[in-house]
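Hi,

Here is the structure I promised to pass on.

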Amino acid sequence: YDIQEYNQLEVVLHVNNKLDIDNCSVIVKLCVDTIKQLGFIKDDTPKYFKSMKIKSNKDDLKYNTGVFYLRFYL
């Protein structure tokens, strides 16, 4: 399939686990590095990777799960 290169990326991660919320930042790092390697964004510098939000969401998620929301901009 053809890869569409985007100009900007925003990431939101909702999690429900026993870890401190800052421990989840490595998960976002690995995800963004993969997105960059696949060619969806040129780089993960602030020019392309605009924002990251990690939210504890114990009300809506089963324990020990997480959901990524990736927003790409042309």
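**Salt bridges and where they sit**

E5 counts as partly exposed because its relative accessibility is 40%; buried here means under 20% relative accessible area, exposed means over 50%, and partly exposed lies in between, with a 1.4 Å probe and protein chains only. Before I go on, a word on the source: this is a predicted model, in which local features need pLDDT of at least 70 and side-chain atom pairs count only at pLDDT 80 or more, while totals for chains, interfaces and linings use all residues. Residues are numbered from 1 along each chain as its sequence is written, and side-chain values use heavy atoms, with hydrogens and water left out.

Back to E5: its side chain meets that of K42 in a salt bridge, at 3.9 Å from N to O. This pair links distant parts of the chain, with E5 in the segment before β1 and K42 in the loop between α1 and β2, 37 residues apart. By salt bridge I mean a side-chain nitrogen of Lys or Arg within 4 Å of a carboxyl oxygen of Asp or Glu. K42 counts as exposed, because its relative accessibility is 52%.

How many salt bridges does a search of the whole structure find? It finds 5. One of them joins the side chains of R71 and E10, at 3.4 Å from N to O. R71 is in strand β3 and E10 in strand β1, so this pair ties together parts that are 61 residues apart in sequence. Both ends are partly exposed: R71 has a relative accessible area of 49%, and E10 has 22%.

Then there is K29, which forms a salt bridge with D44, the closest N and O atoms being 3.9 Å apart. K29 belongs to helix α1 and D44 to the loop between α1 and β2, so the pair ties together parts 15 residues apart in sequence. K29 is partly exposed at a relative accessible area of 45%, and D44 is also partly exposed, at 23%. These two are part of a network of salt bridges that links K29, D33, K36 and D44.

**The overall layout**

The protein chain has 1 helix and 3 strands, and from the N terminus on its elements run β-α-β-β. Which elements make the β-α-β unit? They are β1, α1 and β2, and the unit is right-handed; that is, with the strands pointing away from the viewer, the path from the first strand over the helix to the second runs clockwise.

Strand β1 (residues 8–16) pairs on two sides of the story. With β3 the pairing is antiparallel, over 9 bridges, and with β2 it is parallel, over 7 bridges. Two strands are said to pair if DSSP finds at least two bridges between them. You can follow both pairings at V15: its bridge partner in β3 is G66, and in β2 it stands opposite S56.

Is N57 buried or exposed? N57 counts as buried, because its relative accessibility is 10%. Leaving out residues up to four places away in sequence, N57 touches H14, V15 and N16, where a contact means heavy atoms within 4.5 Å.

For the chain as a whole, 24% of the 74 residues count as buried. Among contacts with a separation of 6 or more, 82% are between residues 24 or more positions apart. The C-alpha trace spans about 35 × 25 × 15 Å along its principal axes.

**A nonpolar patch**

On the surface, V26, I27, L30, F68 and L70 form a nonpolar patch with about 420 Å² of accessible area together. Patches are made of residues with over 30% relative accessible area and no salt bridge; nonpolar side chains (Val, Leu, Ile, Met, Phe, Trp, Tyr) are joined within 5 Å, and like charges within 9 Å. α1 (25–38) and β3 (65–73) each supply at least two of the patch residues, and the largest share, 3 residues, comes from α1. L30 is in that helix and counts as exposed, because its relative accessibility is 55%.

Enjoy looking around!

Methods: Accessible areas come from the Shrake-Rupley method with a 1.4 Å probe; for residues, only the protein chains shown count as cover. Helices (H or I, at least four residues) and strands (E, at least two) are DSSP runs, numbered from the N terminus.
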